[in-house]
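The structure is shown first, and the remarks come after it.

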Amino acid sequence: DPYWRMIRHRPHLAKQLLHFQAKMAQRNPTGLMKRISSRVAQSRDILALEPRFTQMAIAAFLEGTRQGTSGIVADAVTLTRAWRTHLDRCRGDVYFWYGVNDRITPPAIGEYLSERIPHATLELVPGECHYSMPLGTNVAMVLDACRACICDT
């Protein structure tokens with residue numbers, strides 16, 4: 001994916017692009033969401049972006065960039081490079097849920113992490129994308145896993 005390659009090899013350019021998008025979002029948040037949707041979102045995501053959810057996504061983006069874009073870019077760079085953390089030392093149950101068709105946070109990230117964390121469970125949800133994940137029937141599965149973790153302690 002060109003975006004992830006840019007983050008890995010040219011993080012300063014990614015930071016500038018994200019900063020520009022944040023400024024655009026402040027001026028015209030709906031226009032930015034339409035642009036993002038047309039570029040990276042799948043058809044299921046576009047259906048999920050009904051007005052109420054779109055407003056929540058805009059608010060989350062604006063809050064996430066309110067103090068700058070350095071943190072978001074640093075997180076993304078971390079995902080594209082080898083980690084010095086020993087994931088095999090993680091203890092406890094860890095769950096990952098990814099939409100199979102997610103282009104924004106690709107399931108390859110969850111596959112990588114779940115292969116290295118001893119008690120990790122990866123759920124790949126067919127047909128779901130980035131924005132549609134929270135709206136699917138998988139919410140009950142997520143809540144059941146959380147309930148099981150709380151009740152086991």
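1. Basis of the note. This is a predicted model, in which local features need pLDDT of at least 70 and side-chain atom pairs count only at pLDDT 80 or more, whereas totals for chains, interfaces and linings use all residues. Residues are numbered from 1 along each chain as its sequence is written, and side-chain values use heavy atoms, with hydrogens and water left out.

2. Secondary structure. The protein chain has eight helices and two strands, where helices (H or I, at least four residues) and strands (E, at least two) are DSSP runs numbered from the N terminus. Read from the N terminus on, the elements follow the order α-α-α-α-α-α-β-α-β-α.

3. Of the 153 residues in the protein chain, 31% are buried; here buried means under 20% relative accessible area, exposed means over 50%, and partly exposed lies in between, with a 1.4 Å probe and protein chains only. Among contacts (heavy atoms within 4.5 Å) with a separation of 6 or more, 75% are made by residues 24 or more positions apart. The accessible surface comes to about 10,100 Å², and 57% of it belongs to carbon and sulfur atoms; such areas come from the Shrake-Rupley method with a 1.4 Å probe, and for residues only the protein chains shown count as cover.

4. The nonpolar cores. A nonpolar core is a set of buried Ala, Val, Leu, Ile, Met, Phe, Trp, Tyr and Cys residues joined through side-chain atoms within 4.5 Å. The largest one has 14 residues, of which Trp4, Ile7, Phe96, Ile109, Leu113 and Ile117 touch the most other members. Two or more residues of this core come from each of α1 (2–9), α2, α6, β1 (94–99) and α7 (107–116). A second, separate core has five residues, including Met33, Phe53, Ile58 and Tyr131. In soluble globular proteins, nonpolar side chains tend to be buried together.

5. Leucine 113 and its surroundings. Leaving aside residues up to four places away in sequence, leucine 113 touches Trp83, Leu87 and Phe96. Isoleucine 117, also among the core residues that touch the most other members, has its C-alpha 8.8 Å from that of histidine 86, although 31 residues separate them in sequence. Histidine 86 itself is in the loop between α6 and β1, and its relative accessible area of 44% is why it counts as partly exposed.

6. The aromatic pair. Rings of Phe, Tyr and Trp (its six-membered ring) pair if their centres lie within 6.5 Å, with planes under 30 degrees apart counted as stacked, over 60 as edge-to-face and the rest as tilted. By this rule there is one aromatic pair: tyrosine 95 and tryptophan 97 have ring centres 5.6 Å apart and planes at 15 degrees, so they are stacked. Tyrosine 95 is partly exposed at 30%. Tryptophan 97 is placed in strand β1 and, not counting residues up to four places away in sequence, touches Glu123, Met133, Met141, Val142 and Ala145.

7. Beyond residues up to four places away in sequence, threonine 69 touches Lys15, Leu18, His19 and Ala22. Leucine 17, in helix α2 (residues 11–27), is 52 residues from threonine 69 in sequence but 9.5 Å from it in space, C-alpha to C-alpha.

8. A nonpolar surface patch. Patches are made of residues with over 30% relative accessible area and no salt bridge, like charges being joined within 9 Å and nonpolar side chains (Val, Leu, Ile, Met, Phe, Trp, Tyr) within 5 Å. Tyr3, Leu17 and Phe20 form a nonpolar patch with about 270 Å² of accessible area together. Leucine 17 is partly exposed at 32%, as is phenylalanine 20 at 46%.

9. Salt bridges. With a salt bridge taken as a side-chain nitrogen of Lys or Arg within 4 Å of a carboxyl oxygen of Asp or Glu, the count is two. Glutamate 63 pairs with arginine 66, the closest N and O atoms being 2.8 Å apart; glutamate 63 is partly exposed at 46%, and arginine 66 is exposed at 53%. Arginine 116 meets glutamate 115 at 3.4 Å, N to O.
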